[in-house]
Amino acid sequence: MFEALPAAARVVIVIVGLMIITIAVKGGLGRIKAQNHRIQTVITLIYSLIQYVTFIVGLTWVLSILGVDVNMIFASVGIVALIVGFSAESLIADVITGLFMIFENQFNVGDVVEVDGYRGSVEKIGIRTISVRDAGDNLKIVNNSNIKNMVNLSSDISRAICDIGVSYEEDLVKVEEQLPGILEEIYGRHKDIFLHTPAYIGVQELKKQGLLLRFMADVEERDIFSGRRILNRGLYLELGKRNIKISHE
């Protein structure tokens, strides 16, 4: 019955059918609740692979319907010559590089990475490309073979650093005695950001107007900027409540 239809109708049916299959597969994969970033990475990779396979199968099928002898094309031109003719060397490099990166578990979906100075969270890993979204919601798409200098910032615990100045008029010893309580209060309000109680590191620098005190908090890489802002705000407010003069330079 399918063969009895006009060629144009068969082409439309094939295209629509493959689109429905792709959408159904995407929906099915979307229902899988990934327990970790590794599983999410595999899911995005499978969907990317299905997209490419569907495209190749669909193109071959449509050409056959239109009367093109696909077997003759591959037999006469040769698969190697066909790849070179379409300048697919970069495609092969992208695919091979991507597979090695995934199998070696260099990074996963959700990891914060830096690619050639561009910092963001890995949103999608495909057969040919990865998608990285930065804090400004900008999306950068990078071919796998072009990833030369990548740093996975999520591989280790990150540290939010905060420097705050205290006036020379203050008794440093008395100020330092109050810091553990202040840091515990800040941690208690923001356990969703800080992995542990922020730490007082010591006097970082002697400035003109006062002592520059340094604080540090362990955070996930995705929270490094928010952690720094929260720590800055918390110290400013808590020192102010205790009438500890802050220096400004």
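Q: Where is Glu-221 found?
A: This is a predicted model, in which local features need pLDDT of at least 70 and side-chain atom pairs count only at pLDDT 80 or more, while totals for chains, interfaces and linings use all residues. Residues are numbered from 1 along each chain as its sequence is written, and side-chain values use heavy atoms, with hydrogens and water left out. Glu-221 is found in the loop between strand 8 (210-219) and helix 7. Helices (H or I, at least four residues) and strands (E, at least two) are DSSP runs, numbered from the N terminus.

Q: Is Glu-221 buried or exposed?
A: Glu-221 is buried, with a relative accessible area of 8%. Buried means under 20% relative accessible area, exposed over 50%, and partly exposed in between (1.4 Å probe, protein chains only).

Q: Which side chain does Glu-221 join through a polar contact?
A: The side chains of Glu-221 and Ser-158 are joined by a polar contact of 2.3 Å. A polar contact is a pair of N or O atoms within 3.5 Å; within protein, one must be able to donate a hydrogen and the other to accept it, and residues adjacent in sequence count only if both atoms are side-chain atoms.

Q: Changing topic, how many salt bridges does the structure hold?
A: The structure holds 11 salt bridges. Each is a side-chain nitrogen of Lys or Arg within 4 Å of a carboxyl oxygen of Asp or Glu.

Q: With which residue does Arg-189 form a salt bridge?
A: Arg-189 forms a salt bridge with Glu-238, and the closest N and O atoms are 3.2 Å apart. Arg-189 lies in helix 6 and Glu-238 in helix 7, so this pair ties together parts that are 49 residues apart in sequence. Arg-189 is partly exposed at 45% relative accessibility, whereas Glu-238 is buried at 2%.

Q: And what about Lys-241 and Glu-238?
A: Lys-241 also forms a salt bridge with Glu-238, with the closest N and O atoms 3.4 Å apart. These two residues are three residues apart in helix 7, so about one helical turn separates them. Lys-241 is exposed, with a relative accessible area of 59%.

Q: Which residues do salt bridges that share partners join into one network?
A: The network consists of Glu-185, Arg-189, Glu-238, Lys-241 and Arg-242.

Q: Where does Glu-185 lie, and what is in contact with it?
A: Glu-185 lies in helix 6 (residues 172-189). Leaving aside neighbours within four places in sequence, Glu-185 is in contact (heavy atoms within 4.5 Å) with Glu-238 and Arg-242.
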